[in-house]
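I opened this model to look up two things.

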Amino acid sequence: MFRKSSHALMHSGGLFRTPRPLCRALQEALTKAQSVWNLDFGGTPTVDELTFHQRKYPSTPMFHVLDLDGRVVNPKQEPEVPKETLIKMMEAMLRQQSIDLILMEAQRQGRISFYMTSMGEEASAVGTAAALDMRDELFLQYREAAALTYRGYTVKDMVAQCMGTIENELKGRQMPIHYGSRALNVHMISSPVATQIPHAAGTGYVCRLENERETDPNKKRICAAFVGEGSASQGDFHAGVNMAATMKSNTLFLIRNNGYAISTPSSSQYAGDGIFARGIGYGIPCARVDGNDILAVFQTVRKARELIRTTNQPVLVEALVYRSSHHSSSDDSTWYRSREEVEVFSNLFLPVARFEKYLERKSLWTPEQSRSLTQKVRQETLAELHRQEKLPKWPVSSMHDDVYKEMTPEMHQAQKELEEHYERNKKEYNM
Amino acid sequence: MFRKSSHAVMHSGGLFRTPRPLCRALQEALMKAQSVWNLDFGGTPTVDELTFHQRKYPSTPMFHVLDLDGRVVNPKQEPEVPKETLIKMMEAMLRQQSIDLILMEAQRQGRISFYMTSMGEEASAVGTAAALDMRDELFLQYREAAALTYRGYTVKDMVAQCMGTIENELKGRQMPIHYGSRALNVHMISSPVATQIPHAAGAGYVCRLENERETDPNKKRICAAFVGEGSASQGDFHAGVNMAATMKSNTLFLIRNNGYAISTPSSSQYAGDGVFARGIGYGIPCARVDGNDILAVFQTVRKARELIRTTNQPVLVEALLYRSSHHSSSDDSTWYRSRDEVEVFSNLFLPVARFEKYLERKLLWTPEQSRSLSQKVRQETLAELHRQEKLPKWPVSSMHDDVYKEMTPEMHQAQKELEEHYERNKKEYNM
């Protein structure tokens with residue numbers, strides 16, 4: 001007969017009027033048939049009054065743990081985090097902030113071609129990374145370098161990639177900030193936005209298949225995709241999240257809603273209750289969190305991870321943050337938003353300072369440690385810039401590597417021709 | 001300062017606990033900042049308890065007017081429809097049913113190459129068409145021929161298109177059932193699913209711009225896109241509906257949820273509350289209706305049309321129905337669903353019979369009229385098949401027409417070569 005409904009039939013009680021006796025036959029027929037639409041009306045499939053549903057107001061509130069002064073608002077929701085992890089979280093945010101400062105300046109000086117900072121968004125990236133396991137696969141967009149830093153990606157790695165030096169294992173073939181690391185389980189970043197989302201749905205499906213055979217719960221791992229709210233308008237977002245929902249992918253979708261996609265404000269990006277409400281539409285669990293509150297992000301992602309592994313369905317978390325910096329080194333954001341707006345946001349939420357106050361109260365951190373680490377990382381980054389500026393780039397022949405696993409005869413020929421061309425015209429290329 | 005919130009700030013009262021004094025500063029900061037995310041928290045931007053939201057049960061009930069015996073359940077919701085319109089609705093459904101019967105059989109006999117019927121879905125197409133204005137633009141998928149029939153597309157037009165005869169104004173260049181009519185404001189159907197959705201968003205945007213300058217409210221028109229629930233999984237669905245929502249397109253999205261996309265049941269198509277819940281995610285008004293109840297569809301679409309024109313936003317309506325027939329002449333649905341299921345559905349909901357009973361009670365129709373009209377249209381369709389089988393197809397040279405508005409020199413040359421080839425090998429092509 002029909003595909004079995006996944007829920008016991010029961011009346012939803014009070015939500016809708018009891019159907020009139022006149023159409024009991026219709027109610028029974030539709031309840032019997034509801035599985036064909038993969039729906040469960042809970043015993044009340046119809047209403048006899050027409051209603052247009054719209055959820056616009058009020059917006060779903062965001063979860064937070066810390067107030068603006070770093071005080072815990074609800075002790076029951078304060079996550080238990082090992083001291084060393086808390087310190088590591090603080091250090092990762094400060095390190096990324098310092099690296100960003102130096103490398104953005106390096107771009108202004110023409111030492112690297114392009115850069116994007118994570119200013120104002122460090123908490124959402126680090127809080128997420130800290131709540132995940134090192135074996136969990138990460139699919140980044142491009143403004144989550146702090147998550148890589150948390151996992152151990154170094155200043156040396158970043159500078160090598162931004163400069164395309166011989167030390168960059170990606171052989172200098174992508175624009176700056178397109179990081180990746182097989183060792184750290186972080187997939188290579190690529191520019192086309194949202195393409196990583198269906199990749200993460202597929203990987204999360206693999207995780208689910210593996211997890212179903214894994215007997216040790218602690219070894220079950222998940223996949224996490226980071227997505228900007230602008231990227232969530234791409235068709236691949238729709239494809240990826242719906243696929244994950246229907247395939248029960250063990251995937252976390254972490255949405256960084258920073259209010260802007262380059263110059264496009266969120267009022268031109270969507271009309272619903274953010275990206276959060278779309279997750280509801282796909283039928284998966286969703287949460288909204290204060291993205292400037294690293295403990296709230298940590299707690300939400302930790303709980304999301306458990307929910308994913310125990311219920312075999314993806315989870316969507318929307319972190320509300322603000323992009324304090326220009327979109328990239330190619331953008332001047334004063335053309336489309338006021339300096340006042342940026343200043344207000346930058347001074348109001350202060351994700352790093354908020355957490356610093358929290359750690360201070362726990363006697364785990366001091367302002368002096370922030371100043372010291374910041375200075376150290378800035379110097380380290382500057383020194384690395386100087387050092388790698390003297391290093392050679394990858395040889396021109398490497399342009400033909402890795403297009404396929406094995407080089408084709410045509411590729412061999414093209415590589416040879418390029419090397420000969422380069423030797424003949426070396427002077428032109430080294431000015 | 002910040003972009004002005006579109007709603008007055010007020011506390012939502014009772015939905016969330018009053019924020020603790022400790023974090024009033026955070027509440028105030030977020031209220032000031034909320035417009036950057038195009039959200040309105042109604043005075044309560046945060047919660048201090050983590051919640052994962054998920055809407056899975058119960059599913060939103062569907063609106064209906066008639067019970068299975070064609071009786072009106074709630075007189076207040078019975079739409080006022082002119083008698084001639086009611087009769088026209090009944091006739092359109094019966095005509096389409098009869099045409100489908102003959103043309104599907106014609107395909108089985110090899111007289112046409114392909115066919116798709118609308119069996120079981122006539123009410124949603126006709127109910128929608130009847131509630132719209134003739135000037136409203138329609139974008140179809142492929143199973144809404146009854147809407148064209150309602151608007152005046154004839155048996156002759158259908159047979160000409162299915163056979164590709166000289167009388168087909170589309171010059172026989174598309175597969176059967178890919179109808180269209182400029183005169184009837186119905187855009188040409190194309191096979192790639194969901195592509196019509198962003199087209200309808202764009203056309204609806206044009207309608208909105210025109211409507212804003214139109215002083216006579218009765219002349220304001222809208223655009224309607226018909227979408228199957230399988231097509232709603234395409235990225236273009238996401239692009240189109242989100243664009244319509246942000247651009248305030250005057251577009252109706254009518255989702256035909258018939259439970260299957262070829263062999264794919266809805267349990268593999270989505271995990272949420274149908275397609276309805278996605279509309280909520282995009283922030284637009286949404287309704288769910290019994291797609292087998294033509295009066296419910298009519299009332300819903302009529303109200304949707306008014307809502308669109310008065311509030312300048314798109315509306316999504318999901319009609320729940322069942323695909324009684326095979327997906328197409330190329331499909332044998334007994335491979336993936338039981339005959340029992342089909343029989344139960346076909347006998348349970350009976351969209352045409354239900355409406356017939358309603359009209360009988362109003363003394364507007366008799367079973368004899370149904371038999372008579374069905375027989376007449378079957379004969380008319382058969383006669384048209386016979387007649388057009390004797391007509392020539394379009395000349396081979398027409399293959400090169402209309403690729404561009406003006407034919408390029410290369411196209412002229414290719415056309416000439418094709419004609420010469422055809423003349424030389426005529427015998428091979430006319431076997």
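I am working on a predicted model, where local features need pLDDT of at least 70, side-chain atom pairs count only at pLDDT 80 or more, and totals for chains, interfaces and linings use all residues. Residues are numbered from 1 along each chain as its sequence is written, chains are lettered from A and ligands numbered from 1 in the order in which they are written, and side-chain values use heavy atoms, with hydrogens and water left out.

Entry 1, chain B domains.
I looked up the bounds, which come from an automatic or database domain assignment. Chain B splits into domain 1 (73-387) and domain 2 (394-423). Their centres, taken over C-alpha atoms, are 35 Å apart. Domain 1 of chain B brings eight residues to the contact and domain 2 of chain B brings five; contact means heavy atoms within 4.5 Å. I then read the area buried between these two domains: about 530 Å², with 50% from carbon and sulfur atoms. Which three residues supply 90% of what domain 1 of chain B buries against domain 2 of chain B? They are B:I166, B:K171 and B:R173, more than any other three residues.

I checked charges next. A salt bridge is a side-chain nitrogen of Lys or Arg within 4 Å of a carboxyl oxygen of Asp or Glu. The rule finds three across this interface of domain 1 and domain 2 of chain B. I noted the salt bridge between the side chains of B:K171 and B:D402, at 3.1 Å, N to O.

Chain A has domain 1 (75-389) and domain 2 (396-425). I read 36 Å between their centres over C-alpha atoms.

Strands (E, at least two residues) and helices (H or I, at least four) are DSSP runs, numbered from the N terminus. Is strand 10 of chain A enclosed or open? Six of the six residues in 315-320 are buried, so strand 10 is largely enclosed by the rest of the structure. Buried means under 20% relative accessible area, exposed over 50%, partly exposed in between (1.4 Å probe, protein chains only). In a regular strand the side chains alternate between the two faces of the sheet. Here A:V315, A:V317 and A:A319 are buried on one side, and A:L316, A:E318 and A:L320 on the other.

I looked up the neighbours; strands pair if DSSP finds at least two bridges between them. Strand 6 (251-257) of chain A runs parallel to strand 10, joined by six bridges, and A:F253 stands opposite A:L316. Strand 9 (286-290) of chain A is also parallel to strand 10, with five bridges; A:A287 has A:V317 as its bridge partner. From strand 9 the chain crosses through helix 9 (294-311) to strand 10, a right-handed β-α-β crossover: with the strands pointing away from the viewer, the path from the first strand over the helix to the second runs clockwise.

How values were computed: Buried area is the accessible area (1.4 Å probe) that two parts lose on being put together, summed over both.
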